[in-house]
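Thanks for coming. Please have the sequence and the model open, and we will go through a few places in turn.

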Amino acid sequence: MVQGIAHPKMAYLLKRFTQKKLVDPETLSQSELSRCLSIFDLTSLGIGSTLGAGIYVLAGEVARSMAGPSIVVSFFIAAVASILSGLCYAEFGARVPKAGSAYIYSYVTVGELCAFVIGWNLFLEYVIGASSVARAWSDYFDSVLDGRIRNYVLTHIGEIHTSGLSRYPDFFALVLLLLVTFVLGIGVKNSSRFNNIFTGINLLVILFITCVGTYFARGENWTNDFTPFGISGVFTGAATCFYAFVGFDVIATTGEEARNPSRAIPISIVLSLGICFVAYFGVSAVLTLMVPYNQLAERGALPEVFAMRGAPWAKYIIAVGALCGLTASLIGGLFPLPRMLYAMASDGLIFKFLAKVHPKTEIPVIATVLSGALAAFLALIFDLEALVEMMSIGTLLAYTIVALCVLLLRYQPGSVGIVKGGEKIFLTNEETADHEAPREDTRLTQETDGPTLQTARLAAIGIYCNVATYFFISILLIWGGHAILNGRAWAIFMACLLGILLVTFIVLLVRQPQNKTPLPFKVPCVPAIPLFSIFINVFLILKLNYLTWIRFAVWMTIGLCRELVFPDRTMGCLWQFSRRKFISLEKLGETKLSRCLSLLDLTALGIGCTLGAGVYVIACEIARDVAGPATVISFLIAGIASVLSGLCYAEFGARVPKAGSAYIYSYVTVGELIAFIIGWNLVMEYMIGAAAIGRAWSAYFDSMLHDKVQLWVLENIGPIRIDGLGGYPDFLSAGIIFVLMIIQLFGVKKSTVFVSVVTCVNIIVILFIIIMGITLARPEYWSDFMPYGPTGVLAGSATAFFAFVGFDVIATAGEEAENPSKTIPLSIMLALTVCFLAYFGVSAAVTLIWPYNKLDYGAALPKAFEHRGADFAKYIIAAGALCGMTAAINGGLFPLPRLLYAMANDGLIFKCFAYVSKNTEVPFVGTIFSGILAGILGMIFELQALVEMMSIGTLQAYTIVSTSVLILRYQPGTVGFVKSSEEPESSSELKEPQQQPTERSGRISRCIIWFLFFYFFGLSAFLINGLIPMYEGELWAVILAVLLVIAFVAAVVMLSMQPKSITPLPFKVPLVPGLPLSSMFINIYLMMELNPATWMRFAVWMAIGLSIYIFYGLRHSVEGKRQHEQEGYVPLERIDGKDDQDKDVETLE
């Protein structure tokens, strides 16, 4: 597959992501680690890691609220489901006895990228697991002491009020983890002995509970109502109980420390799961036999049950068992972590020093210390409850991949690892093809003695299609189960279709021959058991909540950054990501687009996009709910904050008058990756903005017709009953968007004339509102000018800030403005000023003609005039609102094709978007694509939840433009246009060399600016979460506030000491660095205020965009090709290994 890809970079990237690990047959049994663990040690390790203290808590919770006495059946179902995964682990543990568990199995079978993802998530699972168990140990022990430890810490150190952190620093958990780390550091055999002791005590306590509980059992507690929650309760309980069996995979990480791994690992996995099932079954049975399930306590059910039956002394024995179980679970959580890091470091996927093994103790010493220290730090200050569910993703992904690998290898020719009898074989598919004579083509219905390359490919297709089908079946069961039960036609159709596909793919797989190579242990009933295991795991993965997926995405981003930025070979993606666009002054004025937009056109474009219809709504909402008459001050503050960003756009618009706005500015200054991210998010902003306003236009216009359009569509076409889609197909919304798209296709001058007309109508209506407001004004309505206080004014300004979003559309017209270096800065300032006056005037008028607290919800402005006897005003306001929304839709559709045009010209997205019509001189393909996509979104999607995503794109763009202005101002040389007709601003400064930036001062300034960039994130987090604790005198908050102030002052002083560029520019941001820094802080603070759901949707959108960039933009980048041609850059041949191949050929000759 890789050879068929034309571009060498793409081929290299795919080859690197899919390359499989080769294990030398001669060294398979060799290891730097100590082979000393017996079957007993491994079984004890698995039991200790799996049982923990959950057995004393989980059984009571599931029985009371989910399954009742039928919890025993739930545990049985969960055990069977876990054994399916356990058997897959057992086969691989016997085949490839290496440290790393699922990581090494997926590396051998699927490829490097998949292996890294699995290993990285298992690392997260183990470190959070160990930290949470240590904290649970501390809490349990402290409860025995009546909370004395907690009270002492709270009294002498204080309470932490920051979200995401624990209530107080848990020093006991810290010390406990460091002790366990020390135990693990003295050698694997010694730590295994400790684990055996604690696990043995735990099992004895469980045996005591079962035996004594049997004595107190009452059969009527089962016979009266065995399944009180029905069959669904049994399965719900089974889904919860499934996680109780997580932990046996720790055995698979000991492949290089077991004495006879091919025999010991499978036996110990099966034994540990069997013993854990018996323990869970026994405890849950006696628990529900001793007392009725509905009388079980919410917490601590076991001690309460024994107390109810006259044995209160049992709680002390149970406490000993719980602490021993927690200790064994803690050892089991920390034990595999350094082995995982050791395996990944040995393969070069993470930092190499983590593979260092101590010569005496024969353990990965650095990895062990680092693991313990990291887990201890997490347990000390973090609230781990929110992170614990992330462990489930790592576990379920690992289970899924191991089952998938078993299936893939079972249908491949040749063999991998150890075969029965001790012979070691490792042949890849390619080697098999070289050593075996090719067989004839194998049809689906033809049986053969063994697999061939063709049957292996067919089997792989069947396996992957099965997995994809399981994914969609799980989605249907989770979100469409009720629809199936209710007999909805679409749900039944989807169920039948997916059922047919599943049967087809299973038949395709079953008809392929399996590998008959004898193995030390084989999963029985292949493909049924691995397939069923995959389905269970995929279903449970999709059941996790969206916040877990946000955290998972963040964690994966961190991990993949290391994999992409620091590859072992190649010139390094870091250089590619940070390369900056070269601007040629000679070609800066050249463009395929039509330079015909005047200052008036650009100003009208900016006003139309910014004002929209929000002026008729947002001013009233802020006045009623947030600020009262002081809304005018809120708009003044928001206007000033917007001008800060506007000034930065103005400087760049004059410097680099190119299509693309913030995208092109960041490409010139920061680098390609950041530029792509900014451009991709602006695409989202403009597209969703146009679609959302189109839907609002439709709703407003239809309301004037008494909803006749909506009723007609519902009667003749029908409603849409799918979550995330609109209630009905909104053809009116699509129609207005398509009409504006067609107008834009006639040419930029004609479309701007149309926008100028509707914008003028909108401004005339706003003037009418202001004048009428003055004539009807009653000053007494301002007697309580600031009813919500200064906080209300500031809260109102945060909302009002987004009312000024839209002026950046002017910057996208850099290649269509007649004199961009002059008109773009002026039009940005004019647009913002006119918009501020409009918002100020409307908010003043509405609060002067009617009391702020009596403003209606919805149509507040027309209702206010109606209350004052001016009923006719509502028709004028309606005309203004429709014209404003029309201009705002155009404001979303106008910049989108220009942005796509700029990105396509640079090779970062598909080249077709750079096509410009010769007749109309507009980006033809980009305009049609933008209009059709926005029209479809507006027609069928419910965009309410997506609109807030626009804020991220806008705020990111504002932040990066402000940062770029700062960076360029402190760099030597210049970028873009300068003033050619004037001398430098200060000739005396030219005589002083220290006043000119140098390469060294430029680097220092860049470091300080990026420090301040990330500093503002930390400051914003503190202001959002730590301000109240600081006011209350919490010591940690006061110290942190002082440190933040000192750091900021030091950074600003250092930045101010660096020389600034004195190159004369067409327009300059004044008061640098003050204004750009203020703009950066405001935008970052507002970003941090957005809710988690918005960030999750943003992460999904970014994943799509980065996929396009990595697999297309990275290798088609025009700037990348230009820089490759320059002397000093690594030649392309080194990336795809041509140099190495040439050397190999010379050696052979």
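Cys 241 has a relative accessibility of 0%, so it counts as buried; buried here means under 20% relative accessible area, exposed means over 50%, and partly exposed lies in between, with a 1.4 Å probe and protein chains only. Cys 835 is in no disulfide, and the nearest cysteine sulfur, that of Cys 609, is 9.3 Å away. A disulfide is taken as a pair of cysteine sulfur atoms within 2.5 Å. By this rule the model has 0 disulfides. Cys 835 is also buried, because its relative accessibility is 1%.

A word on where the values come from. This is a predicted model, in which local features need pLDDT of at least 70 and side-chain atom pairs count only at pLDDT 80 or more, while totals for chains, interfaces and linings use all residues. Residues are numbered from 1 along each chain as its sequence is written, and side-chain values use heavy atoms, with hydrogens and water left out.

Next, Val 72. Val 72 sits in helix α4, residues 71-95; helices are DSSP runs of H or I with at least four residues, strands are runs of E with at least two, and both are numbered from the N terminus. With a relative accessible area of 4%, Val 72 is buried. What does Val 72 touch, not counting residues up to four places away in sequence? The list is Trp 222, Phe 226, Phe 281, Ser 284 and Ala 285, where contact means heavy atoms within 4.5 Å. From Val 72 to Gly 282 there are 210 residues in sequence, and 8.3 Å in space from C-alpha to C-alpha.

Thr 963 belongs to helix α40, residues 949-969, and is buried at 0% relative accessibility. Neighbours within four places aside, Thr 963 is in contact with Ile 1009, Trp 1010, Phe 1013 and Met 1080. Pro 1073 lies in the loop between α44 (1035-1056) and α45 (1074-1088), and at 12% relative accessibility Pro 1073 counts as buried too.

Now a whole helix. How many of the 11 residues of α37 are buried? In α37, residues 895-905, the number is 10, so this helix is mostly covered. Among them are Pro 895, Arg 898, Tyr 901 and Met 903. The buried residues of α37 pack against α28, α29, α31, α32, α36 and α38. After α37 comes Gly 907, with a positive phi near 80°.

Last, the cavities. On a 1 Å grid over the protein atoms alone, a cavity is a set of points where a 1.4 Å probe fits but cannot get out, and lining residues have an atom within 4 Å of a point. There are 3 cavities of 30 Å³ or more.

Key: On a 1 Å grid over the protein atoms alone, a cavity is a set of points where a 1.4 Å probe fits but cannot get out, and a pocket is an open set with protein on both sides within 12 Å along at least five of seven lines; lining residues have an atom within 4 Å of a point. Grid points are joined across faces, edges and corners, and a volume is the space filled by probe spheres set on the points.
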